[in-house]
Amino acid sequence: MKINRHGRYAFSAIHDRADYDWPDGKRLAVYLGMNLEVFSFGEGLGAELAPGGAQPDILNFAWRDYGNRVGAPRMLALFDRLGLPCTALVNSHIYTEAPGLAEAFAARGDEIAGHGRTNAERQGILSESEERTLIEQSTAVLSARHGRKPKGWLGPWISQSHVTPDLLQETGYEYLLDWCHDDQPIWMTTRSGRILSIPYPQELNDIPQIVGRKREGNEFADMIIDAFDVMLEEAKTRPLVMGIALHGYLMGHPHRIKHLERALTYMKANAGDIVWWTTAGAISDHIRGSVDL
């Protein structure tokens, strides 16, 4: 039987790799991936609180809209209280559908990364020319709004075609987040060079856990704490990246955000001197600037 290969990177067991540090001798890089997403009314994709009926699916559309109107601002206030940076993963339509929201994250110095036009669509099913247009359109909006091109990209619905890494590298992106195959950054080969893959979590991600596995905020917070404890110990022997993926319409609800605060407060209290609270873009900059993977 033939096994198809993607050809983007070779196998490498994590314990066989060279050691290195994050800035100032830190060992565990922690970043918050805050998804800022919009959806198309009466059509397209979208996470569901409950099985939807005929369109327009008011129950689920309004539930998701709560995330931008209430949940994300509530989470922004939490990040301010705890003094934590984040990487905002931004649908480019957010600027017209939720004006001021992405700007509020940018104003506090957070990284703005590309996340497609809207999470009502997948890019991986498009033709190459259509996918290039999607990337270019969303990149142009973020660049115009914030005065610089985004360095990183997360596809809407973690959706990639066979040429997505190539298109991202050719559009000027320095890293992507779609591949959740490692706990360290990995170089990926493209047809015109290479692009850095930075770990983005699918386990420590509120959509798979709360929507998919029907876990609640207290369980999700316990998972974050458990993962942190293990990775903090492992980081003594190898540098690691711990991402936490968040959405306003999930962890931004009152009954869940108290548990997110509990987990983040625990992490801050137990970080010692080896945790680097950072952004995905800063991780990319460090690898590109001083680490030979």
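**Figure 1. Helix 7 and its buried residues.** In this predicted model, the buried residues of helix 7 are Gly 217, Phe 220, Ala 221, Met 223, Ile 224, Ile 225, Ala 227, Phe 228, Met 231 and Leu 232, where buried means under 20% relative accessible area, exposed over 50% and partly exposed in between, with a 1.4 Å probe and protein chains only. Helices (H or I, at least four residues) and strands (E, at least two) are DSSP runs numbered from the N terminus. The end C-alpha atoms of helix 7 are 26 Å apart, which agrees with the 26 Å that its 18 residues should span at 1.5 Å a residue; the expected span is 1.5 Å times one less than the number of residues in the helix. Strand 1, helix 6 (206-212), strand 8 (240-247), helix 8, helix 9 (254-269) and strand 9 (275-278) are the elements against which the buried residues of helix 7 pack, contact being defined by heavy atoms within 4.5 Å. Residues are numbered from 1 along each chain as its sequence is written. Because the model is predicted, local features need pLDDT of at least 70 and side-chain atom pairs count only at pLDDT 80 or more, while totals for chains, interfaces and linings use all residues, and side-chain values use heavy atoms, with hydrogens and water left out.

**Figure 2. The nonpolar cores.** The largest nonpolar core has 56 residues, of which Leu 28, Leu 36, Phe 79, Met 242 and Leu 264 touch the most other members; such a core is a set of buried Ala, Val, Leu, Ile, Met, Phe, Trp, Tyr and Cys residues joined through side-chain atoms within 4.5 Å. Helix 7 (residues 217-234) contributes the most to this core, giving 9 residues. A second, separate core of 20 residues includes Ala 29, Leu 89, Leu 154 and Val 291. When neighbours within four places in sequence are left aside, the residues in contact with Leu 36 are Ala 72, Ala 88, Leu 89, Val 90, Asn 91, Ile 94, Leu 101, Ala 102 and Phe 105.

Figure 3. With 19 residues, helix 4 (residues 128-146) reaches 27 Å from its first C-alpha to its last, close to the 27 Å expected at 1.5 Å a residue. Its buried residues are Glu 131, Leu 134, Ile 135, Ser 138, Thr 139, Leu 142, Ser 143 and His 146. Seen down the axis of helix 4, these buried residues fall within an arc of 150 degrees and so line one face of the helix, the arc being that of the directions from the helix axis to the C-beta atoms. The exposed residues Ser 129 and Ala 144 are carried on the face of helix 4 turned away from its buried side. Just after helix 4, Gly 147 takes a positive phi of about 80 degrees.

Figure 4. Thr 139, which is found in helix 4, counts as buried at 5% relative accessibility. Apart from neighbours within four places in sequence, Thr 139 is in contact with Lys 149, Pro 150, Trp 153, Thr 171 and Tyr 173. Arg 145 also lies in helix 4, but is partly exposed, with a relative accessible area of 45%. Under the same exclusion of neighbours within four places, Arg 145 is in contact with Tyr 95 and Glu 103. The C-alpha atoms of Arg 145 and Ala 102 are 9.5 Å apart, although the two residues are 43 residues apart in sequence.

**Figure 5. Helix 9 and its buried face.** Helix 9 has 16 residues and, from first C-alpha to last, reaches 23 Å, close to the 22 Å expected at 1.5 Å a residue. Arg 256, Ile 257, His 259, Leu 260, Ala 263, Leu 264 and Met 267 are buried in helix 9. These residues fall within an arc of 160 degrees when seen down the axis of helix 9, so they line one face of the helix. Lys 258 and Ala 269 are exposed residues on the face of helix 9 turned away from the buried side.

**Figure 6. The largest cavity.** The volume of the largest cavity is about 50 Å³, a volume being the space filled by probe spheres set on grid points that are joined across faces, edges and corners. A cavity is here a set of points, on a 1 Å grid over the protein atoms alone, where a 1.4 Å probe fits but cannot get out, and lining residues have an atom within 4 Å of a point. The lining consists of Met 34, Asn 35, Glu 37, Arg 64, Gly 67, Asn 68, Ala 72, His 247, Gly 248 and Tyr 249. Strand 1 (28-36), helix 1 (58-82) and helix 8 (248-251) are the elements that give two or more residues to this lining, and helix 1 gives the most, with 4 residues.

Definitions and conventions. 1 Å grid on protein atoms, 1.4 Å probe; cavity = no way out; pocket = protein on both sides within 12 Å on 5 of 7 lines; lining within 4 Å.
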